[in-house]
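Here are some exercises to work through with the model open beside you. Try each task yourself before you read the solution.

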Amino acid sequence: MADASAARPRVGLLATCLMNVFRPNIGFSAAELLERAGCRVEVPSEQTCCGQPAYSAGDDDTARAMAKQVITQFDEYDYLVSPSGSCVGTIRKYPQLLADDPHWSGRAQALADKAFELLSFLVDVRKVEIDARYAGKATYHDSCSGLRQLGVKRQPRELLSRVEGLELAEMDDAEVCCGFGGSFCVKYPQISEKMVDDKLRSIADSGADTLLGGDLGCLMNMAGRLRRTGSKVRVWHTAEVLAGRTDGPAIGEEESR
Amino acid sequence: MSREAVLHNIRRAISERGVRGRFELPQRPAAPTYGEGRVDRFTERLVAHACTWEAIDSLEQLPERVMAWLESKGLAPRMAVAPPLMALPWPDVVERHSDRAGITEAVAVSLAFGGIAESGSLAMYSGPQSPITHNYAPEFHLVAVFAEDISDNQEGIWEKVRATGAMPRALNLIAGPSRTGDVEQTIQLGAHGPRQVHVLLVRAKASTS
Amino acid sequence: MKALPGTFDSRAAVALADPSLQKALKNFKPLFVAKRASAVAELEGFEQLRETAAAIKDAVLSELDTWLERYAAKVESLGGHVHFASDAAEAREIIREICRKANAKTICKGKSMVSEEIGLNEVLEDDGYKVVETDLGEYIIQLAKEPPSHIIAPAIHKTREQVADLFEQNHPGRPREETVAGLVNEARHALRERFFQSDVGITGGNFLIAETGTSVIVTNEGNGDLTQTLSRVHVVTSGIERVIPTLDDLSVFLRLLARSATGQDTECYTTLSSGPKRPGDPDGPEEYHVVLVDNGRSKMLAGRFSQMLRCIRCGACMNHCPVYGAVGGHAYGWVYPGPMGSILTPLFNGLAENYDLPNACTLNGRCQSVCPVKIPLTDLIRTMRNEQVKAGLMPASQRRMMSAWGWVARQPGLYRAFEKLGSKMLRLRAGRSGSIASLPGAGAWTRVRDLPAPSGPTFIDQWKSRGGQS
C-alpha cells in the first residue's frame, strides 16, 4: 500500500465469475475506467472465484480455501478492484472468516482494507474523467451488498450525472432486493419471481428505458425477467455506460439491434 | 429449584463466553428538551395523538368546563372523579363517585401526575388518589394537568417519581385515545380504552390552587 | 405453539396464491416502511440511540444473572412473586398452578409472544378455562383458530370481510357489521364483559426494570391495561433477556420501539407495573406474578447467536424483509416469522426441522439496517447456514455440487476450461438471440426468467489475447 498514493497505483482487477463468462464488456469497461483514473491495471490470470457461493451457503471451509487463494493472488497489488459489490463484500468478510488463523488473519485484513468496488473506488479513492454519451432515461437499482455492506449509493449517481445525454429517473424502492440473492433465486423461484416482478413494476413506473446497476447477478436476474415479460427496457452495468461501451447489445439483448 | 437451574445455566453461558465484566453500561444520549417551548410542544403532541385540550386558569374552573364539554357531547353528568377533584364546586346535578370505574362507566375526570412534552403523554400515578380503572374503562376521559408538572421528557417524570420515594403500583403513560389498526390496518379510535381524551391544562401553580 | 403443517415451500406457495394476504402485504410499505422512515427522520440522534440500546443489552447480558437477581429481589420486596421456568413445559405448569390456586374461570390475555412460544392457550383451554385474547388482532386469530402471522399485527392477513364472518359466527344475536369502525366497536362490546369477568390476566413484558422491580407493557388498544388492572391476578410472562437496569434505560428503548414497530413516536399506552395492589388502592390485581422463561435462551447466550437476545420484538425486520413481504408470516411455520424468526425458530425448534428458514433469505441486509438494537441479522442468518452445514444438514446433492465446485475453483486451469466450455455452449444455445429461454439443468432459473447469454469468449481469454489492454 506504500505506493498507493503514487502517480500510478497497481490495481489487480478481480474478474468476477459471472462477468468473466457472461459479460466481458464490463471487465473491459472497468479496466478502461481504472486506467483513465491513472491506475495500472492487471488481471491475475490464475484467479477463479472470491468464494461467495460457499460463504453465502455457510460452507466456511470451502470459503476459507478460496479466500486464501484470492489473498495470495492479490496481496501484491496496491488495490483490488472489482465491478461487483457482492464480491468485494465477500472479500471484506475474509478477516472475520480467517480470524482464528494467525498465519492468515493479518493478510486477510490487509487485503480487505485495499479491496474496493469499482464505482466507489472511482469516486472515493481515485478521480476519473467521464467522457461518455448515452441517450436515454435510466433508472438505477442499488444492489444490496454494495449498498449495505459497502455504502455504495451516491458514487454511481455522481458518476452517471456526468454522462452526456443520460437522464436519471429514480425508481421507487431502488434499495429493495430484486430477488436474485445468489442461489436463492433457484432454490425459491416462486418467491424470487414475486420479488423481481415487484422490481419490474418499480422500473416501469419510473418511466425509464434503461436499467443500470453495479452487480451483474442482480442485473442478469432483472434483465432475464424483463426479456421474459417482453419489456424493451435495456440493461447495462454502470461501468459499461461510464466507459461509453454501449454500442453492442445490452445484457440479454439479441445481437442485431 | 428452577430459579437456581436457570441462573446456573446463565452463569455457565457467561463464563463460557468469558464476557462477564467485559461490557460496560454506556453513557445515554441526552434526552430532548424544549426550554420555553415545553408546554407548546406538549399541546402540539397532544393534538398529534388525537387528544383535544383547553387551558384553564385554576382547578376551580374545572367543573364548569367539564360540564360544558359533556354538554357539547350530549353526555349525562355522571362520572367517576379522582378523589382530589371531588371537593371542587361541582353543580348539584352531577352524579359522581371515586371508586373503581365500572363496566358502564362513560366518563372519568382525573388529575395527572405530570405530562411529557416530548411525546405529549400524560403520566398517571396510581393509588388512592388516582384509580387506574378511571384511565381505561370509560369512553371519555378528561384529564387535568398542571402546566408546571409538564416535563421535557420521560426522564423528567422518572425524576419526579423517584422524588416521591417509591414507584406507584402502576405508572401509566397515556398518549391519546385508545386505537387499533388490526382490521385491515385502518386506524380506528376507541379500541378498548377511551374513545376521546380531553386535556385541561391548568395554568395556576399546583400548590396555590 | 406447535409448528404449522407442511414445508416452508408449500406454505409459501399457498401464501403467494392468497389474494387477500397479498393485498394486506402491499400495505406494508405505506404503513410500516414509510411511517418508520419519517418517524426516524424526525428524531435527532436515532443512530446513537440504536448504538446505546445495543450496548445496554450487551452489558446486561454479560451479567444477566446479577440483573435478574436484582430484579427478582425488588419484585419480591413489593409483594410480587417471581418464577423461573427452564422450558416451555415448566412455564405452562407454573401458570396452570397460579390459575388453579386462583380458582379462575375466565382468563384474559394481553398480547404476549412468549405465551405463544410456550403454547399456553392450548393447555389452559384443555383445563377448562375460558381463555380470551384481548388484543384485537389476537382475538381475531383466536376466533379463526390460527397462529399470528406478524408479531405486532397478528391478524394482518385477514380482510375486513373475513373478520366480519368470524364475528358473525362467534357473536350470536348481533347484526353483521361491515365497516372497520363497526367491527372494532363490536369487539369492544364483546371483550368488555370479559375484562370485567377476568380472574387471571396474563400479559407479556416488553421490559423488566431491575431498579424498580417493574414490568412494562406497551400497547395502542389499552387491552393489556384492562387485562392486568381488572383481573384478580396478574401474570407477566417474559423471556429472561428482557431485564434492563433503570428507568432511564427504559427511555432509550421506548424511543426506539414505537418508531421501529409502527412508525409512531410513542404507542398510546406505556404502563409500568410494580407489584400487586397496595393498601388503600381502589383497583389493581391482588396478586402479581412474573414468569421468567428460559426455554433455550441461556443456551443462546453461550453460543454464536447471543446477539439475538437483544431483540425487543418490534417487527421492523419483517416489515422490511422482501421475502416476508412476498409470503407473509405463516410461511415461516411458527411463532416468530421473518428475519428474527429465521434465526430464533431453528434455535428453539431445531436446525433440521427448520432447514429452509435461514436459506429462504437473499442476505440483502435490509433487516439488519433497521434493527433498533443493531442485531446483525443477516450475518446471523448466514451463521445459521454454517451451523446447518456443520451439522451435516445441507442436502446431499447441494453438498456434492459445492465440494466439486470448491475443488475445481482451486484448480485455475481447470476452472478456466469449464468457463470456456460453458461460455461456448451457452452462446451456441442462444444463437444471436442474446438470451436463453429454457436450458436443461437450469430450469429453476429459466422457469422465471430468460438467461442472458455470454456475449463472447471469456473476459480473461479476451484480455490475454489483447495483450492486457482494455
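## Exercise 1: the two domains of chain A

Chain A is divided into domain 1 (10-123) and domain 2 (131-242), with bounds that come from an automatic or database domain assignment. Before we go on: this is a predicted model, in which local features need pLDDT of at least 70, side-chain atom pairs count only at pLDDT 80 or more, and totals for chains, interfaces and linings use all residues. Residues are numbered from 1 along each chain as its sequence is written, while chains are lettered from A and ligands numbered from 1 in the order in which they are written.

**Task.** Work out how many residues each domain of chain A gives to the contact.

**Solution.** Step one: find the centres. Taken over C-alpha atoms, those of domain 1 and domain 2 of chain A are separated by 22 Å.

Step two: look at the contact. Two residues count as in contact if their C-beta atoms, placed from the backbone, lie within 7 Å. Domain 1 of chain A gives 26 residues and domain 2 of chain A gives 22 residues.

Step three: see which helices of domain 1 of chain A take part. At least two residues each come from α1 (17-22), α2 (24-36), α3 (52-57), α5 (85-91) and α8 (118-125) of chain A. (Helices, H or I with at least four residues, and strands, E with at least two, are DSSP runs numbered from the N terminus.)

Step four: sort the residues by class. On the side of domain 1 of chain A that touches domain 2 of chain A, 14 are nonpolar, nine polar and three charged. Here Ala, Val, Leu, Ile, Met, Phe, Trp, Tyr, Cys and Pro count as nonpolar, Asp, Glu, Lys and Arg as charged, and the others, Gly among them, as polar.

## Exercise 2: crossing helices

**Task.** Find the angle at which helix α4 (residues 60-74) of chain A and helix α7 (residues 102-113) of chain A pack.

**Solution.** First, the geometry: α4(A) and α7(A) pack at about 65 degrees, and their axes are 10 Å apart. Axes are lines fitted to C-alpha atoms, for helices over the stretch in contact, and angles run from 0 to 180 degrees between N-to-C directions.

Next, the hand: the crossing of α4(A) and α7(A) is left-handed. A crossing is left-handed if the near helix is turned anticlockwise from the far one by less than a right angle, and right-handed if clockwise.

Last, the residues: A:A67, A:K68, A:I71 and A:F74 of α4(A) meet A:W104, A:R107, A:A108 and A:L111 of α7(A). By class, that contact has six nonpolar, no polar and two charged residues.

**Task.** Now try chain C: which residues make the contact between α9(C) and α10(C)?

**Solution.** Start with the axes. Those of helix α9 (residues 136-144) and helix α10 (residues 160-170) of chain C come within 10 Å and cross at roughly 65 degrees. α9(C) and α10(C) are therefore roughly perpendicular to each other; angles under 35 degrees count as roughly parallel, over 145 as roughly antiparallel, 65 to 115 as roughly perpendicular and the rest as oblique.

Then check the hand, which is left-handed for α9(C) and α10(C). Now for the residues: C:I140, C:L143 and C:A144 come from α9(C), and C:V163, C:L166 and C:N170 from α10(C). Five of the residues in this contact are nonpolar, one is polar and none is charged.

## Exercise 3: how the chains touch

**Task.** Which chains share the most contacts?

**Solution.** Begin with chains A and B: no contact joins them, and their closest C-alpha atoms lie 16 Å apart. Of the two pairs of chains in contact, it's chains B and C that share the most contacts.

That contact takes 59 residues from chain B and 75 residues from chain C. On the side of chain B that touches chain C, α1(B) gives the most, with 12 residues. This side of chain B has 26 nonpolar, 18 polar and 15 charged residues.

## Exercise 4: one residue in chain B

**Task.** Is B:L59 buried or exposed, or something in between?

**Solution.** Locate B:L59 in the loop between β1 (52-56) and α3 (62-73) of chain B. B:L59 is partly exposed, because 19 other C-beta atoms lie within 10 Å. The cut-offs are 20 or more other C-beta atoms within 10 Å of a residue's own for buried, 12 or fewer for exposed, and partly exposed in between, with C-beta atoms placed from the backbone.
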